[in-house]
Amino acid sequence: MIVGGEPELALLLHIFPEGVEELDGAFAVYADEPPVGFDVVAVEDVRVGRVWVGPPWDEPPEDAVAVVIDPGRAFGTGAHATTRLCLELLQELEPTSLLDVGCGSGVLSVAAAKLGFAPVNAVDVDEVALETTRANAAVNAVSVEVGAELRPAALAVMNIALDVVEAMLPRLPVERAVTSGYLERDEPSVEGWQPIERRVRDGWAADLLELRP
Ligand SMILES: C[S@@+](CC[C@H](N)C(=O)[O-])C[C@H]1O[C@@H](n2cnc3c(N)ncnc32)[C@H](O)[C@@H]1O
């Protein structure tokens with residue numbers, strides 16, 4: 001992972017289409033080679049409740065549900081506030097079938113599978129994200145169905161962006177959803193979907209929503 005100073009997010013996304021995360025006021029980008037002028041920094045382990053997310057070279061705590069994510073190719077080291085908020089809400093729910101929309105690295109799918117959610121179906125528009133999710137599911141020895149098809153499930157998790165959440169929610173074959181990828185001031189507004197619970201962190205928000213026609 002490579003962190004720069006204060007360049008514009010749009011410019012970074014143009015240069016690093018594989019992903020950019022804003023972390024603690026800096027930008028973390030995914031690239032195969034460190035570009036000139038950027039500093040390489042260590043990836044921090046993340047602990048959210050029972051779940052630990054960290055790179056393969058770190059040792060998870062003995063009491064944790066360990067999710068090993070090799071950082072580098074797709075969004076989702078677990079460190080971003082929105083990923084943490086989704087992890088927080090997921091582990092407070094009864095494990096059911098799960099549809100992970102916008103799986104990125106597969107961090108939420110892998111964590112959910114380890115928490116007992118099954119079957120877990122992961123989708124993304126980005127082929128690199130799908131490949132990365134397959135690889136991370138294998139490394140963590142969990143079963144995740146990875147592909148483009150939106151399979152019916154009891155719950156969806158969707159950490160993307162407000163406009164995508166609002167556009168996709170009516171199309172998802174689910175009745176409950178954990179959504180994030182937007183700021184605390186934003187609230188998804190989709191006909192029939194009601195907010196059940198909200199979590200906020202560092203100005204970001206995540207919601208548990210339920211379909212009540
Ligand atoms: C912010 S990342 C989330 C990654 C991971 N789920 C997490 O929580 O850390 C958003 C992901 O959504 C994917 N994405 C964007 N638009 C999408 C869409 N319309 N349908 C499915 N995936 C989408 C992106 O390719 C990216 O991998």
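Student: Which of the 15 residues around the ligand come nearest?

Tutor: In this predicted model, the residues that come nearest to the ligand are Thr 83, Gly 102, Leu 108, Asp 124 and Asn 159, out of the 15 residues around it.

Student: How much of the accessible area that the ligand has on its own does the protein cover?

Tutor: On its own the ligand has 600 Å² of accessible area, and the protein covers 81% of this. Two or more residues of the shell come from each of helix H3 (107–115) and helix H5 (162–168), and by class the shell holds eight nonpolar, five polar and two charged residues.

Student: Why is H3 described as largely enclosed by the rest of the structure?

Tutor: A residue is buried when its relative accessible area is under 20%, and eight of the nine residues of H3 are buried, so the helix is largely enclosed by the rest of the structure. Those buried residues are Val 107, Leu 108, Ser 109, Val 110, Ala 111, Ala 112, Ala 113 and Leu 115. Just after H3, Gly 116 takes a positive phi of about 110°.

Student: Why does Thr 132 count as buried?

Tutor: Its relative accessibility is 9%, and because the limit for a buried residue is under 20%, Thr 132 falls in that class. Thr 132 is found in helix H4 (residues 127–139), and, leaving aside residues up to four places away in sequence, it touches Arg 73, Ala 74, Gly 104 and Ser 105.

Student: What makes strand S10 and strand S13 the edge strands?

Tutor: Seven strands form an open sheet with mixed pairing, in the order S10-S9-S8-S11-S12-S14-S13, and strand S10 (145–146) and strand S13 (193–201) are its edge strands, each pairing on one side only.

Student: How do you know that strand S8 and strand S11 pair?

Tutor: At least two bridges are needed for two strands to pair, and strand S8 (residues 98–101) and strand S11 (residues 155–159) have four, in the parallel sense, therefore they pair. Within this pairing, Leu 99 stands opposite Ala 156 in S11.

How values were computed
Residues are numbered from 1 along each chain as its sequence is written. This is a predicted model: local features need pLDDT of at least 70, side-chain atom pairs count only at pLDDT 80 or more; totals for chains, interfaces and linings use all residues. Side-chain values use heavy atoms; hydrogens and water are left out. A residue is near a molecule or strand if one of its heavy atoms lies within 4 Å of it. Accessible areas come from the Shrake-Rupley method with a 1.4 Å probe; for residues, only the protein chains shown count as cover. Ala, Val, Leu, Ile, Met, Phe, Trp, Tyr, Cys and Pro count as nonpolar, Asp, Glu, Lys and Arg as charged, and the others, Gly among them, as polar. Buried means under 20% relative accessible area, exposed over 50%, partly exposed in between (1.4 Å probe, protein chains only). Contact means heavy atoms within 4.5 Å.
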